[in-house]
Structures are given as structure tokens and as C-alpha cells.
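Subject: Structure handover

Hello,

Here is the structure for your files.

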Amino acid sequence: MKHAPAGAGTIPPAQSPGAFFSTHPSRADTFTESVIREMTRLALKHDAINLAQGFPDFPCPPELKLAACEALNDDINQYAITWGAKDLREALSQRVKKFNAMQFDPETEITVTCGSTEAMMASMLAIIQPGDEVVVPEPFYENYGPDAQISGASPKFVPLADDFSIDEEAWKAAFSKKTRAIILNTPNNPTGKIFTKKELSFIADLCIEHNAVAITDEIYEHIVYDGHRHISLGSLPGMEDRTITIGSFSKTYSVTGWRVGYALADAALTSRIRKIHDFLTVGAPAPLQRACVAALQLPESYYKELAVEYDRKRQILYKGLKKAGFACDLPEGAYYMFTDISSFGMSDTAFARHLVETAGVAAVPGSSFYHTGGETKLRFTFSKKDETLTEACRRLERLT
Ligand code: PLP
């Protein structure tokens, strides 16, 4: 920003903007912009296939488009109730009872947010005081790092075992008197891990013993493979009043740009989350909330078909990546392939840049999922049309 020169009627600035920034540090200086979103910008610049950011390049179900158009035609243009349109909260309550085996009162225990991103931020701001410790399994979805910085949390990263299972001793050691919360993501981004009932029970016991809140990000709950079953941590005994379950319409219904998600928690937690949510965003887009009610009316076959479709895409990318020399395993859930790139002899960031520029394929450097490390990893999404994936694989195979 340029300041006007001092003269009649102008007050000279006391300090140049540069001096202001050097003497006034900000919490925004403690983290970088999202690497995932940066890779999307790089993909656009190089006209590369974007297997970096997890969003579909195929349309959402027609029922949702129709409902969104109807909502606009019906002039649903003004603010919804700040914590979410009543019909959407009621539909969510029914769906969650059936699918997640949890009961939430739509009047006091459900908050509709601007995506699960806002649900996570609002939840953390609602329960964390600066200095509180938050246990985060590593690797983790990139946003949780900045979320911790913004809320003032002190993150305690707990490495998952090589097969991404829970290392019980490491988890026990991570909890202390200062532990206020844990952040769990199942099915997991970037690893595809689905935490088992046994692992979840172990985590639940630790939360109960240490009086900690569990914030669980379950946005890939319907994208599961090979007979794996998603279980909500909040459905385990003793977790009802200490779990915030976060969900979203983004991935299940292929509408990542609609920005509609939700936080489910008991009334005491919800009243805090709602206050933060109100002053952060006032509310999620009203016409799209109406359309999300239609999403929740889709038949059960929709969810089965979604998993079958993603399974096929998973196989296409898996075979292509293997052929191109990447080391990877099939994920249990979500829509990412977390690969090992050691054999290519380049660091994750250099290799990601090289892939965009020379092969025309964008992926995410592994280090963005770790507080330290991850330089031998690269994450690809398969949330794309079959032909997009086939073309990306063709380009990658040419590279080696
Ligand atoms: N949580 C996880 C684990 C994700 O992978 C993503 C997006 O990739 C999000 C949250 C963001 O979801 P939303 O679009 O609901 O904000």
C-alpha cells in the first residue's frame, strides 16, 4: 500500500508499512498458505491435470442441481438461521441417527457451517484456550496445523505406525494434564486409514481418562472400500458429551464449492460452537442449505454406488502409479493415494514441481501433512473422471 505524500490536510504516517510488519508480528506469520491450494494454482498455470486438490471434475447428482435452482427460484436469498436452516438440521438429525448411530437434537445440538473447514475452526476456537494441548495423529490433513496456530493450541503430534495403525504407547505418552482435545480424521486424508473399533475404543478411553474432547473429522465417511466400515468415535459409550463430530456435503455429494458442512455435539459444546460460528460467518449459503436437504433424501443406493465408483477410480490410479514407479498401497477409504517417492531421488517439493512442469500432473508434497518430515511422500487424489485419471497415468508413465 502506498501512502500519500505529507502535505496540507494529510497526516504523515508514523511508520512505513514495512516497519509496522516488522514490529507487529501476527498469528498469520506462524503458518504458510495452504500447499494443497498452492498446487492447484500451479496446476492452472502449467495447464496440468490437477491430482493435487481433492475435488471432483465430474458433476454432482442432478437432484442437487435441481434443488439448488428451485431454491433460487423460490427466492431463498436471505440469511438462514445462523446455526442452520431448520429443515436441514432435522434431515441431518435423521440421517446421523440411521448411519452414524448417534442422536442429536436439531434444536440444540447441530450447527450448519461453511464447510467442515469452518466447523473445525469454530470447534477449536470454542474449546481451546491458548496453551492447551491438542493431540494430532501424524500425518494429518494440512488445515489442522494452522487451525492449531489460530486457536492458540499447542499441538502434540503422535506418529502413526508404518501401517498407519495406532501406536498405543505413543498415544499414552502424548496425553498430559494440559490435553484439552484430540483431532481425529477417519477415513483419513492423506493415508486412507479407517480406524478400527478397537483403536477408537482405545482413543475413547484416553479421552475419558484425561477429560479431553474429541473432534472427529468424518467427511469421507461414505467413501470406504473392501468391506471396511466407518465408525463414529462419538457413538462409543462415554463419548456422547465429549465428541464434536464434523461432517460435510463437499465430498459425499461432490459439491466442494458449495461450502456446507456441520458440527454435531451435545448442547453445552454446541452453544459455544454456535457463538463462534455466528461471529465468524453468520451462516452457510441459504439456497444451498435447502439443496442439501434434497441430498439427504437420496436413496441408500446412492452411497453404495459412490463407493463403487471411487473403488474403480482407486484401481485406475493405483495401477498407473505402480507402473510409473511409485510405491503405494491401496487406501482403505477416502480418495487419495499416499505414495513413497524415495526411488525417484528427489525431495517431495522438488519432485512435485518437476511433475507439474514436465509431466503436466499436479500432486501434493508429503511434507505438508507432517510438522516435520514427509519429504519422501507425494499425495495424489483420484476424485476425477476415469479419463482424467487414465490420461494422468499415461503422462506419469512417460516420465520414467
Ligand atoms: N477435512 C478433510 C480431512 C479434508 O480432506 C478436507 C478437504 O479436502 C476438508 C476437511 C475440507 O472440507 P470442506 O470442503 O467441508 O471444508
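The side chain of Thr117 places an N or O atom 2.6 Å from an oxygen atom of the ligand. That is a polar contact (a pair of N or O atoms within 3.5 Å). Asn189 has a polar side-chain atom 2.7 Å from a ligand oxygen. For Arg259, a side-chain N or O atom is likewise 2.7 Å from an oxygen of the ligand. On its own the ligand has 400 Å² of accessible area, and the protein covers 93% of that (Shrake-Rupley method, 1.4 Å probe).

This is a predicted model, so local features need pLDDT of at least 70, side-chain atom pairs count only at pLDDT 80 or more, and totals for chains, interfaces and linings use all residues. Residues are numbered from 1 along each chain as its sequence is written, and side-chain values use heavy atoms, without hydrogens and water.

Which residues come nearest to the ligand? Thr117, Asp217, Tyr220, Ser248 and Ser250 do, out of the 15 around it (a heavy atom within 4 Å). Helix H5, residues 115-127, gives the most to this shell, with three residues (helices are DSSP runs of H or I, at least four residues, numbered from the N terminus).

Now the cysteines. The whole structure has zero disulfides (cysteine sulfur pairs within 2.5 Å). For Cys69, the nearest cysteine sulfur belongs to Cys60, 9.6 Å away. Cys69 is partly exposed, at 47% relative accessible area. Cys207 is buried, at 0%. The cut-offs are under 20% for buried, over 50% for exposed and partly exposed in between (1.4 Å probe, protein chains only).

Best regards

How values were computed: A polar contact is a pair of N or O atoms within 3.5 Å; within protein, one must be able to donate a hydrogen and the other to accept it, and residues adjacent in sequence count only if both atoms are side-chain atoms. Helices (H or I, at least four residues) and strands (E, at least two) are DSSP runs, numbered from the N terminus.
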